Amino acid sequence: MKFKAVVTENGVSLLDRRFLPALEKMGKIYHLFLTRDHAFFLHNLITTADGIQSIAQFRKQALFDDYRISSQNEDRIAFAFDISLLLRAVRSSVSIISGEFGIANRLQVKLVKKLPPNSTQPMPFLTFETKGYKSAVIQDVPISKPLSRAQLLQLQAALDAAQDLPPTLVQVPDSNRLQNFVDRMKHVGDLLNVSISKYGDLHLQISTTLITLGAEFRKLLVVGDKGPSPNVRHFSKSLQCHLAKPDCAFYGIAPQGACLTVIFQFFIPGTRQTDKSISLHCRLPVLDPGSS
Amino acid sequence: MSSSAIETDTSDLVCQLDNVQGIVDALSTVRWKRHQDAVVELSEHGIVLIVEETGCLQAKVYLQKELFIRYEYTAQGRPRFGLSLGLFVDCLNTFSVPGHSSSIEIQYPGPDMQLLIKSADSLDDCIYAEIRTRIPETISWDYNFEPAGSTPLSFTVKSAVLKEAIDDLEWPGSSIQIILKPVPPSVTFRGEGHGDLQIDLMYYANTDLLIAFHCDHEVSYRYKYKFLRATTSNVPSNVIKDNRGSKLTIGRGGMLKVQHLVSVARPSTSHQHIDSAGYQQPSRIAYIEFFVKPEEDEDTVND
């Protein structure tokens, strides 16, 4: 099992300034799932499906150069790690790259097994190596043991299932404004009702014994159906994705109201064309409308 | 949406406002704890919101009708209702968009005596709220403020200075003495508790701090620190930055009145559009008054 690649300048900026900060807001433990063509950051896909699920997908060219992967599971590798440690390692590599040596400097990432201090057991790490003019800085991010074949298949299946699009999607006009609104709404109540109509209306509402507070956005794109209530905390967490600076957002409710799906799209810089090499989407569990 | 179904002519009040953030700032100033019941009184002159801490501290926010771009009042008498201040502020806050001047319409009463609020900016997007109101509690103690004598005992100090002085008095804590002296004209705040701290504001020495001063005889009263602190601690930082004057007046029996001014003008981004209408018109100010009762204390010098 081998993995080695060079993170491109664009890849560093995507991870450091946009994706990792957004993902960090949504969860702590992620799986990095690497295939021949893609890298996925996955949260909460195979653990008990309580809480937000998030999926960030990159075509390998979006992040890496000189991408080499091999494993006995059809060249797929997956492991779990703490996203905040990864963010720290990337941040500090960025400061080295940009601080002194210019772009020519390369940030290499690879999977290694090392003997940590005071241990007799070699442990797996994701290692970032920044080569400077006279020095090299190596940062080891501790990771879990790579997933077994069975676990990997389970993760792949969960990923495939999570890719299903809800039959109903509406495009949210201004996701920063919506984020801001939901952030403030949180002070008023915990439970948020979301409904999406086939006429392109998105309706958010908090209703308690003392107050009803809601927002309606009309004439949005799409077709649909009414869904039950996800928890507002999750909802607003998913909106932390705005840190990833998406160019547009879609909301949809999965069949039978199983979850609220939020899909973010990114444009190719300087155009209004969707950049298909990057995607981010989140699935929010729906509370039983009878509970709480 | 239910709120749009209501006939306007059955309402006591329908009003529209183009700067939600200004009202949020004004109301936040009197929000000294998390759960606070407020009484709202409507009249042809505007809206007054009153909050109090049993028998010791009362605050009023005056939102005059001039702050509103539309103010249609049709009630007989002066309708009053109670609501939760925290909920009201948090709710209004959701209508405020940073960098925008958001317009809202407020209506009272709804079919079930609610306070109805809705955004008035766009036809396609709508934010709406219905806040349940209560039968107001009777205001337990009347804070009729009467002047102490023929000359008022008052001083005006920059809001930031007042806040800083009161913040600094935290460590001696418990009880703060305020002394006004005509010769030399000065105001002293003195805290005695875990230690002593005295802050003197000399009128002639720093006129930029103490903007105005009126006092014909020495007076001294003590106030509980936590109530004094409530008069400045929640003034939003952007209001402190405006740094208008806060006026403090001591009335009969040592009742302290603290007055703040909060701008409800449209945010500065739109100044170029309203300059012709007059930059920072006085009518775009919300008035806030706190009344603090002095401590019952045998060594008060006066009255």
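Analyst: What follows is a set of questions and answers on a predicted model.

User: What makes A:Val262 buried or exposed?

Analyst: A:Val262, which is found in strand E15 (residues 259–265) of chain A, has 24 other C-beta atoms within 10 Å. A residue is called buried if 20 or more other C-beta atoms lie within 10 Å of its own, and therefore A:Val262, with its 24, is buried.

User: How far apart are A:Val262 and A:Gly214, in sequence and in space?

Analyst: The two, A:Val262 and A:Gly214, are separated by 48 residues in sequence, and from C-alpha to C-alpha they lie 19 Å apart in space.

User: How do you know which strand of chain B is paired with E13(A), and how do the two run?

Analyst: Pairing requires that DSSP finds at least two bridges between two strands. Between E13(A) and strand E9 (residues 125–131) of chain B there are 7 bridges, so the two count as paired, and they run antiparallel. In this pairing A:Thr212 stands opposite B:Glu130 in E9(B).

User: What makes up the contact between the two chains?

Analyst: Chain A brings 17 residues to the contact and chain B brings 18 residues. On the side of chain A that touches chain B, helix H5 (175–185) and strand E13 (211–217) each supply at least two residues, and E13(A) has the largest share, with 7 residues. Sorted by class, that side of chain A holds 8 nonpolar, 4 polar and 5 charged residues.

User: Which domains is chain A divided into, and what does each bring to the contact between them?

Analyst: Chain A is divided into domain 1 (2–162) and domain 2 (168–285), and their contact takes 20 residues from domain 1 of chain A and 17 residues from domain 2 of chain A. On the side of domain 1 of chain A that touches domain 2 of chain A, helix H1 (9–26), strand E4 (53–59) and helix H2 (60–63) of chain A each supply at least two residues, with E4(A) giving the most, 7 residues. The residues of that side of domain 1 divide into 11 nonpolar, 5 polar and 4 charged.

User: Which elements of chain A have the lowest and the highest mean pLDDT, and why does that matter?

Analyst: Chain A averages a pLDDT of 85, and 89% of its residues score at least 70. Among the elements of chain A, the lowest mean pLDDT, 69, belongs to helix H6 (residues 232–238), and the highest, 97, to strand E6 (residues 77–82). Where pLDDT is low, the predicted coordinates should not be read in detail.

Terms used: Residues numbered from 1 in each chain as written. Chains lettered and ligands numbered in written order. Predicted model: local features only at pLDDT ≥ 70, side-chain atom pairs only at ≥ 80, totals over all residues. Contact = placed C-beta atoms within 7 Å. Helix = DSSP H or I, 4+ residues; strand = E, 2+ residues; numbered from the N terminus. Nonpolar A, V, L, I, M, F, W, Y, C, P; charged D, E, K, R; others polar. Domains from an automatic or database assignment. Buried ≥ 20, exposed ≤ 12 C-beta atoms within 10 Å, placed from the backbone. pLDDT = per-residue confidence, 0-100.
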